Every structure is written in C-alpha cells, then in structure tokens.
Amino acid sequence: MEAVDEETSPGVANGVALASGSAWRLPARALTRSRLSAYPEGEVEFNLAEISEAISAAVPDRECLVWRDRRLRWAQFTERTRRFANFLLGRGFGVRRWRRELQNWESGQDHIALYMYNCPEYLEGMVGAFKARAVPVNVNYRYVEEELLYLLRDSNPRGIVYQASFAPTLARIRGQLPGLELWVQVRDESDNPLLPGAVDYEEALAASSPERPSVQWSPDDLYILYTGGTTGSPKGVLWRQADIYVAAMGGRKPDGTEPSALEEIVARARRGSLRVMPTAPLMHAAHWSAFDALHGGHCVVLQDVTHHLDPHSILSTAEREGVNLMLIIGDAFARPLVDQLRRQRYDLSQLKILISGGAVLNAAVKQQLLELLPPGIRIVDTVGSSETGKQAVNVSTREVGATSGTFRPNPGACVLSEDLQRVLLPGSQEIGWLAQRGRVPLGYLNDPEKTRRTFPMIDGVRYSVPGDRARVLPDGSIEVLGRDAATINSGGEKIYAEEVENAIKCHPAVYDAVVCGRPSERWGSEVVAIVALRPGAQASAEDLLRECAKHLARYKLPKAIVFRDRIPRSPSGKPDYRWAREQVVQV
C-alpha cells in the first residue's frame with residue numbers, strides 16, 4: 001500500500017491516519033519530506049517506529065533485550081510495544097497538530113513521561129509511544145519533588161509510566177498536576193500498591209491488541225530529550241525522528257553516509273550479532289546507545305543492578321552475557337570499574353569496545369582500563385550533546401596509547417568563530433564555538449528565545465551551538481575546551497551554578513553565594529559553593545546543605561562550602577567566576 005498524504009487524506013481523524021489493515025506499513029520511498037530538513041529534496045528519511053517494525057520482521061527470533069532472567073526476542077519486544085501503542089491510541093493519544101503548522105519550539109503531539117530506572121519497560125515505553133505517534137519524555141529519577149514538578153509542568157505530558165518505587169513521591173505531588181490524565185504503574189521490588197486510578201502496565205498490555213497500530217508514521221514525528229542545559233532549568237530538546245536517527249541512533253554508516261532505503265537498514269540488521277550494554281541511566285542519552293544497538297539488529301543487555309552504580313553488577317553481567325560493547329560515563333563510571341577490576345577477576349574476553357560519553361574520561365584512567373581489560377580493547381571517547389547528537393570521537397588502544405581532549409569530527413561537526421559568522425578552518429589559532437550543522441534539532445520546547453539563540457542561521461545554514469568552546473587543529477581534529485557557561489559537569493550530570501546558588505540563598509543566614517566547579521579525580525568536576533553570611537548571622541556548612549537538599553537532587557549538592565566575608569561582583573551584578581575558582585582550588 002502506498003503512503004497516504006496525512007495533510008489531505010479523508011482517513012485522518014484526531015491526528016491519526018487510519019491504514020487499511022493490520023499488516024500495513026509505510027514504504028521508505030514514500031516518506032514525506034519536511035520543510036525543516038537541511039537535506040536535499042528527494043533523499044529518503046525514516047521514522048523510528050517503522051525501523052523497529054522492519055527489523056523485527058527480518059529477525060523475529062533473535063534475542064533483542066536481556067535483563068536479569070528476562071529475555072525478549074524481537075517478536076516478543078514488537079508485540080509488547082504494539083500492545084502499549086494500541087493502549088495509548090485507545091486512550092486518545094497521538095498527533096494533535098501537523099508539524100507544518102507549528103513553530104520549531106512547539107509540539108503537536110501528546111507527551112507521555114517515563115519515570116523509571118533502567119528496565120525493559122523503559123525501552124518498550126519509548127518504542128510503544130513512537131508507534132502511537134506520542135512522544136516519550138525522559139524524567140530524571142534523582143529529582144526531588146520541586147524539580148519533578150517543574151519538569152512535569154514544563155513538558156506537559158498527558159500520561160506517565162512510572163515504576164512502583166516512585167509511587168509515594170508521585171502521590172505527594174499528583175494534586176498539583178491536573179493535566180496528567182493517564183497513570184501507568186510498572187511493578188518492581190518495592191511492591192507498592194497502585195496509585196488510585198492508575199493502571200498496571202502488564203494488565204494494560206494484556207488487554208490491548210498485538211496487531212500493528214493503524215497509524216501513518218512520519219519522519220517529522222518528534223523525539224524529545226530533556227536536559228539540564230545552561231539556563232538552570234531542564235529544557236526539552238525537540239528533534240525530528242529522521243534527524244535524531246542519523247545524529248545519534250545508528251543512522252549513519254561507517255563511511256559517514258546515510259542509508260538510502262529501508263531495505264538497506266534491514267540488510268545491515270540481519271548481520272547484527274553484538275551484545276551491547278548501556279550501563280548509564282536510560283533517562284539520559286544512554287538510550288542513544290540502546291537504540292543504536294537495536295537499529296543495528298543487535299541485543300541490548302542491562303546490568304542486574306540498575307538503581308545505583310554497582311561495578312560488580314556491571315562486570316559480572318558483562319561476563320555472564322558475553323557483552324561485546326559497553327557504554328559508560330567518564331571518570332565517574334571508569335574509576336569504580338578500575339577499582340573493581342583490581343579486586344576481582346572477570347572473564348571479559350568478549351568485550352571489544354568501551355564507549356564513554358557525557359563526561360570527561362581522562363588519559364590516565366583510559367590507560368588503566370587498557371591495562372586491565374582484554375588485549376585488543378578499543379576505548380572510544382565521544383563528544384556530543386542533547387542539542388547536537390554524536391559529534392566527534394577519540395579512540396585509544398594499547399598500540400596507540402591513551403589521549404584525551406582531541407577528537408575526530410563526525411559529519412557536520414565544526415567550529416564557528418567567536419562572532420558566529422564563519423566556520424573556522426584547520427590550523428586556525430582561534431578559539432570558537434563547537435557547532436553542528438545538518439541533522440540538528442528543531443528547538444527547545446516552548447522556548448522561542450533560546451531556540452533562536454542556540455540554533456542560529458549563518459549564510460543560509462542552520463547550526464546548533466550549545467555553548468562548548470573548541471578549536472580546529474591543523475590535521476582537522478577538534479580540541480574541545482569545555483562549556484563556556486557556568487555549567488558543572490559532575491559524573492555525567494550537568495549542574496548549573498545559578499540553580500545551586502539560588503538553593504543556598506534560601507537559607508535566611510545567607511547574604512550572597514557563588515558556585516563553581518573544581519577538579520575531582522572521580523567526578524571530573526565537583527560542585528563547591530562560596531558563601532557570604534549576613535552580618536551577625538551564623539550557619540554551618542551542614543545547615544546550608546540541609547537547606548539545599550529541600551530544593552535539589554542529591555547529586556547537585558555542593559561537595560564543599562567555603563565561607564568568605566564578601567562575594568566580588570561586577571557593576572552589572574555578575575559574579576567573578578575566575579575569583580571563585582581561585583578560592584575553591586586553594587581549599
């Protein structure tokens with residue numbers, strides 16, 4: 001069956017184009033083009049739901065997802081995601097407004113929040129939502145109630161899928177979230193009962209159809225990733241699915257080109273044989289690694305313990321499952337793994353690639369990993385962001401040694417001049433802005449000003465410029481210097497200084513405060529606060545930490561507090577961060 005034009009088809013109702021039968025699929029050649037794409041007319045683009053269905057049809061009996069004693073084959077994974085999609089469609093989820101009617105910072109689809117630790121239901125929830133043409137929204141499970149309320153109000157989901165462990169937290173705030181109509185609870189070890197009006201996830205699936213959802217998918221369907229960003233509040237980054245597929249989810253071939261037909265994707269997936277373990281939280285961009293694996297026809301393995309970092313669980317699962325590729329987050333994950341590898345031996349002979357992203361992985365730690373892991377291991381350090389996808393890589397092996405800071409750019413990665421007027425050439429001594437062109441996001445949800453600022457048009461080309469400083473070396477590689485704004489990247493978590501400052505200032509004894517990062521062997525960078533108390537007031541570091549804990553997740557709390565008589569500020573009121581860094585390094 002040929003694709004239906006969703007703009008004009010009489011079969012369109014409530015944003016859903018009905019298909020003529022459960023076996024309907026949208027041919028890749030018939031996918032519509034978006035006016036927002038930076039790519040030439042006529043190139044084929046893909047939808048994530050379509051890709052998942054096509055791969056499953058090709059390798060239905062291959063193992064797809066493994067966690068503890070749960071082993072899902074592709075056919076089972078597909079049935080469960082279809083059931084969840086049909087459950088959402090039955091509740092009226094889908095498309096409300098066409099993409100062509102919207103601004104880059106607007107969403108015309110229903111959102112559904114995912115509030116879970118790593119588990120099969122997280123990936124099922126994402127793929128099932130895509131198949132219903134709804135948009136999954138990642139929720140940071142470390143957030144305290146104040147932060148959680150902000151995110152759920154900002155993302156405006158109609159529904160939420162949450163693990164039972166989080167039911168008590170949600171019970172305390174649900175009265176302040178009138179827009180949340182659908183509550184779906186996933187069973188876990190907590191055995192917490194269903195919240196009033198909630199639906200059990202497994203019961204919802206059992207009562208729903210396993211047939212392919214009767215909707216017309218589009219490459220313009222959205223993918224949203226919430227990140228802390230550089231404004232102090234979480235921001236939802238809006239991507240077209242066709243763009244995020246290429247930018248971060250396996251849609252770029254080894255030679256840098258894109259697949260030209262769905263059959264090409266399926267042919268590659270037929271050859272898929274890797275077992276891939278994304279050890280980091282799926283509620284961050286670690287699900288990029290999972291989707292990269294799934295879109296290659298590989299198997300995703302989750303470590304047994306997922307509610308905190310347990311190096312033995314990671315290594316023992318990798319040994320048991322014969323993991324070939326593992327994803328970690330910088331030094332925060334690498335150092336505990338190094339310590340565990342020195343305490344206990346594991347058979348990791350099948351591990352060939354270790355990928356790090358999201359935080360600094362320094363050369364010394366890489367060298368230790370190269371010595372402790374099997375011969376032939378490759379350590380791939382990656383650079384990227386929620387606003388750019390995967391931009392550049394640094395590869396270390398025993399033969400070439402370990403380095404950090406310089407990266408080989410992927411297609412579209414570049415460095416713009418300080419004034420954002422030109423692309424810097426190799427060998428330029430200028431420090432500019434790390435940028436991405438081509439497959440970039442639409443914008444930030446409900447934030448036109450930040451969308452225009454982060455995604456500028458330069459000579460008719462749209463760029464993403466999240467705020468990292470960099471320069472281009474003579475050989476074309478990129479030296480990444482770090483985020484220009486006062487963002488502290490601690491263990492893979494982005495922590496904005498102003499957010500911590502505001503929390504500290506909630507204590508009545510605080511007159512002024514400034515927050516910055518200082519180097520940390522384990523975390524890469526750790527949060528330190530410099531505080532000036534009100535004249536005559538008294539407060540200990542413990543007092544201030546208790547106040548902060550009322551407003552911030554634990555990982556954002558300062559690792560140290562330094563007291564000074566005053567905080568220097570410029571005439572415009574801005575703090576002197578250079579002075580602040582000098583103070584915290586001296587402690």
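**Entry 1: cysteines**

I started at Cys548, which counts as buried at 0% relative accessibility. For my own reference, buried is under 20% relative accessible area, exposed is over 50%, and partly exposed is in between, with a 1.4 Å probe and protein chains only. This is a predicted model, where local features need pLDDT of at least 70, side-chain atom pairs count only at pLDDT 80 or more, and totals for chains, interfaces and linings use all residues. Residues are numbered from 1 along each chain as its sequence is written, and side-chain values use heavy atoms, with hydrogens and water left out.

How many disulfides are there? I got 0, taking a disulfide as a pair of cysteine sulfur atoms within 2.5 Å. Cys548 is in none, and its nearest cysteine sulfur, in Cys506, sits 8.2 Å away. I looked up Cys64 too: its sulfur is 6.8 Å from the closest cysteine sulfur, that of Cys299, so it is too far for a bond. Cys64 is buried as well, with a relative accessible area of 0%.

**Entry 2: cores**

Next I went to the largest nonpolar core, which has 154 residues. A nonpolar core here is a set of buried Ala, Val, Leu, Ile, Met, Phe, Trp, Tyr and Cys residues joined through side-chain atoms within 4.5 Å. Leu88, Leu170 and Ile504 have the most contacts inside this core. I followed Ile504, leaving aside neighbours within four places in sequence, and found it in contact (heavy atoms within 4.5 Å) with Val510, Ala513, Val515, Ala529, Val531, Leu544, Cys548 and Pro558. Another core lies apart from the largest one; it has 11 residues, including Cys516, Ile530, Ala532 and Val584. In soluble globular proteins, nonpolar side chains tend to be buried together.

**Entry 3: helix 9**

Is helix 9 (residues 286-295) mostly covered or mostly open? Mostly covered: 9 of its 10 residues are buried. Helices (H or I, at least four residues) and strands (E, at least two) are DSSP runs, numbered from the N terminus. Among the buried ones I noted Trp288, Phe291 and Leu294, along with His287 and His295. After the helix comes Gly297, whose phi is positive, near 80°.

**Entry 4: strands**

I then turned to strand 17 (residues 389-396), where 6 of the 8 residues are buried. A hairpin through 3 residues connects strand 16 to strand 17. Val383 has Ala392 of strand 17 as its bridge partner. Strand 17 also pairs with strand 18 (residues 406-409), antiparallel over 2 bridges, and there Ala392 stands opposite Pro409.

Elsewhere I found an open sheet of 3 strands, in the order 10-11-21, with antiparallel pairing. Strand 10 (222-227) and strand 21 (443-444) are at the edges with a single partner strand each, so one side of each has no neighbour in the sheet. Strand 11 (residues 235-240) pairs with strand 21 over 2 bridges, with Leu238 opposite Gly443.

**Entry 5: a pocket**

Last, I looked up the second largest pocket. On a 1 Å grid over the protein atoms alone, a pocket is an open set of points where a 1.4 Å probe fits, with protein on both sides within 12 Å along at least five of seven lines; lining residues have an atom within 4 Å of a point. Its volume is about 660 Å³, meaning the space filled by probe spheres set on the points, which are joined across faces, edges and corners. This pocket is lined by 28 residues, and Arg142, Leu309, Glu493, Trp523 and Tyr555 lie nearest its centre. Helix 11 (residues 330-343) gives the largest share of the lining, 3 residues.

Notes. Two strands pair if DSSP finds at least two bridges between them.
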